[in-house]
There are 2 protein chains.
Amino acid sequence: MNKLSDSELSPISVSSKRLRDFVSEVLQYSKVPTDDSIQAADVLCTADERGIRSHGVARLRSYSQMLQTSRINPTAKPKVVRQNSTLQVVDGDNGLGLVVAPFANRLAMEQAESRGAGLTSVFNSNHFGIAGYYSTLGTKNNLIGIAMTNTPPFVSQEARPPRLLGTNPISVAFPTKGRPVLIDMATSAISFGAVENSIREGTVFPLGCIVDANGVSSTDPNDLLQGGSLLPLGGVLSTGGHKGFCLSAIIDIFCGPLSGAAWGPFVPPFLNGDIAPSRQVGMGIGHLFGALSVTTFTTLDSYYKQIDDWIHVMRSSEATADGSGAIIPGDPEHAAAERCEKQGISLQASVVADLNDLAREIGLTPL
Amino acid sequence: MNKLSDSELSPISVSSKRLRDFVSEVLQYSKVPTDDSIQAADVLCTADERGIRSHGVARLRSYSQMLQTSRINPTAKPKVVRQNSTLQVVDGDNGLGLVVAPFANRLAMEQAESRGAGLTSVFNSNHFGIAGYYSTLGTKNNLIGIAMTNTPPFVSQEARPPRLLGTNPISVAFPTKGRPVLIDMATSAISFGAVENSIREGTVFPLGCIVDANGVSSTDPNDLLQGGSLLPLGGVLSTGGHKGFCLSAIIDIFCGPLSGAAWGPFVPPFLNGDIAPSRQVGMGIGHLFGALSVTTFTTLDSYYKQIDDWIHVMRSSEATADGSGAIIPGDPEHAAAERCEKQGISLQASVVADLNDLAREIGLTPL
């Protein structure tokens, strides 16, 4: 991974439909069934639409390679292997997380529609894209959505290697009369995707996010790829880093020991070519999805009145330096999505070049 | 609140039974029924036993005053006002959180025992002590416990006032064959209790935890009491502070707009004498309790084997500077509790003096 030139970083707009079709075709070339490829394309393109470029089509080549080398099963059939009134357990059959996770999340939402609450625990899956894709799907039907996953280890405990836990993201989305309140975040100070972006763009991080292989604080994202590690949310111990480690541990225990997936330092890598873990303690990556109907808690009238007021109060406060009011969780994603609706999906020129190289390699029409 | 002298800070040991009896007597003097007073004493003394002095008997005077002035209802009868197969809603009748919360948490655990999962949403309550008291109660019966509460506003969004959210703590406890894995944390960089302790002890914080009334970074905990605010977990935006704000928002929305309690800047104060909020948007403080049986996810055999291995792997890694292995969430609390079992509960001399003053004021036998 190298720093890119200005021209490689310049934005190119692609229509949402064209990009979805393209991703779907690339995945179908790797034997992913049509319906699954359309679903996976929707997850990836939604990340780009929300401005989370690190988790979008920039990773398509890696997914494609892992499918080609059978590291990921293109024709996986995720299935329910355990079920009770609260929760179902899904074996992902080592499929694309972008296919397994939508299946699992749908079951949690269906359970919530009929009984007020639903949970799906998943093992034997792979990287599922942005957690916020899943949590927001039910908000139009008055469902609060929860999604989390464990990820390969990049995070150390006390500002020195070894890496013990993943950047383990969590998303929670609350319905509103407008766009959902959307929390979608890694539990490390910065996400691995932010590191990838930063390397491409040649930017650095403030102290408190990365340590190098010797445990020395660093601002250089390249140090992560050379044996360093990410700090948990909160940074070092005195500023609350133990809390970020705790959050990551909560997600790892739900997604690993409780699901049957791998955990901690043994979670398999999600990028093609990365070294496999030294032990297999479970199968693949694990996820947990939850859905809760607002009506389980209170009446729709009461809730929507309150959450509307909550948002209004936050926005009316002079919380930011320019006096423009507090940022509501999800505002950046919603603003990016609005721009996309007008202008198409904005991709870095280097990403488009890479996708077009990939297309030519496998005989598809470039973007 | 002033810095204390060395002699005022020196530790005094009190037996666990004596301290519980004392707290119970003080509360009974304020008309709290005997059983409720015993329950409340157990919550407060457990905080001191776990080394979380900020949330223990040091706050007894404040609770006592709020009961005396009818700010808190001593004879509250919390009751279920809404119930379905997933969740019950409890009206706390403006009682002590130390009484309302155990009642509500018990209902969630009973639901989990019979159906695999349970949730209780609470409004019209008050400060409930340490969240970790509730989450750990069911771990011996293979229950994962979850507890959260909103709290009065001390946290700003972008390193400048106004205060928009509380330090909103969350606790999750996972059963193991030994002591539970216990996460119990405020979602701000530091808790309000840590600020109180720091003022008493005359210590300062690193940058990234507090800003003064002008939004300038500060290391002085007194600046919080003079119009400043706490930073969310993660500190400023570039080190992930927006994530801590998001975590606090999740808890506030569950405990406020979804429960019927107050929320955001309008959560009532938990210390006697603090100014009441400018608007009433709900009733009292809100909590949410969850309980999930391990057997909802997997077999006990499979889970205990995995979580044992998880702990072993973490402890075997050279994660800390002295090479002694990773700290498992809950280790500090468990170590403090072990010390207490041998030596009694260790209180600061100033806290004992304050409790004894209180005892004399109301005609009880001092400690």
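Let me start with a term: two strands pair if DSSP finds at least two bridges between them. Helices (H or I, at least four residues) and strands (E, at least two) are DSSP runs, numbered from the N terminus.

Now some housekeeping, friends. This is a predicted model, where local features need pLDDT of at least 70, side-chain atom pairs count only at pLDDT 80 or more, and totals for chains, interfaces and linings use all residues. Residues are numbered from 1 along each chain as its sequence is written, chains are lettered from A and ligands numbered from 1 in the order in which they are written, and side-chain values use heavy atoms, with hydrogens and water left out.

Let's look at the sheet in chain B. Seven strands make an open sheet with mixed pairing, in the order β2-β3-β4-β13-β5-β8-β9 (chain B). At its edges sit β2 (79–83) and β9 (181–185) of chain B, each pairing on one side only. On average, neighbouring strands of this sheet are turned by 15° against each other, direction ignored. Axes here are lines fitted to C-alpha atoms, for helices over the stretch in contact, and angles run from 0 to 180 degrees between N-to-C directions.

Helix α9 (residues 241–255) of chain B packs on this sheet, touching β4 (117–125), β5 (143–149), β8 and β13 (285–293) of chain B. The direction of α9 makes about 90° with that of β5(B). By contact I mean heavy atoms within 4.5 Å.

Next, how are the two chains related? Chain A superposes on chain B by a rotation of 180° with 0.0 Å of shift along its axis (RMSD 0.0 Å). The two copies are thus related as by a two-fold rotation axis. The superposition is by least squares on the C-alpha atoms of residues with pLDDT of at least 70 in both. In chain A, the residue that comes closest to the rotation axis is A:Gly234, at 2.0 Å (C-alpha). Both copies use the same surface: 100% of the contact residues of chain A recur in chain B.

Let's zoom in on one residue, A:Thr149, in strand β5 (residues 143–149) of chain A. Is A:Thr149 buried or exposed? At 3% relative accessibility, A:Thr149 counts as buried; that means under 20% relative accessible area, with exposed over 50% and partly exposed in between (1.4 Å probe, protein chains only). Its side chain makes a polar contact with the side chain of A:His287 (2.9 Å). Also, a polar atom of the A:Thr149 side chain lies 3.0 Å from the backbone oxygen of A:Gly286. A polar contact is a pair of N or O atoms within 3.5 Å; within protein, one must be able to donate a hydrogen and the other to accept it, and residues adjacent in sequence count only if both atoms are side-chain atoms.

Finally, over to A:Pro33, in the loop between α2 (16–29) and α3 (34–49) of chain A. A:Pro33 counts as partly exposed, at 29% relative accessibility. Leaving aside neighbours within four places in sequence, A:Pro33 is in contact with A:Pro74 and A:Thr75.
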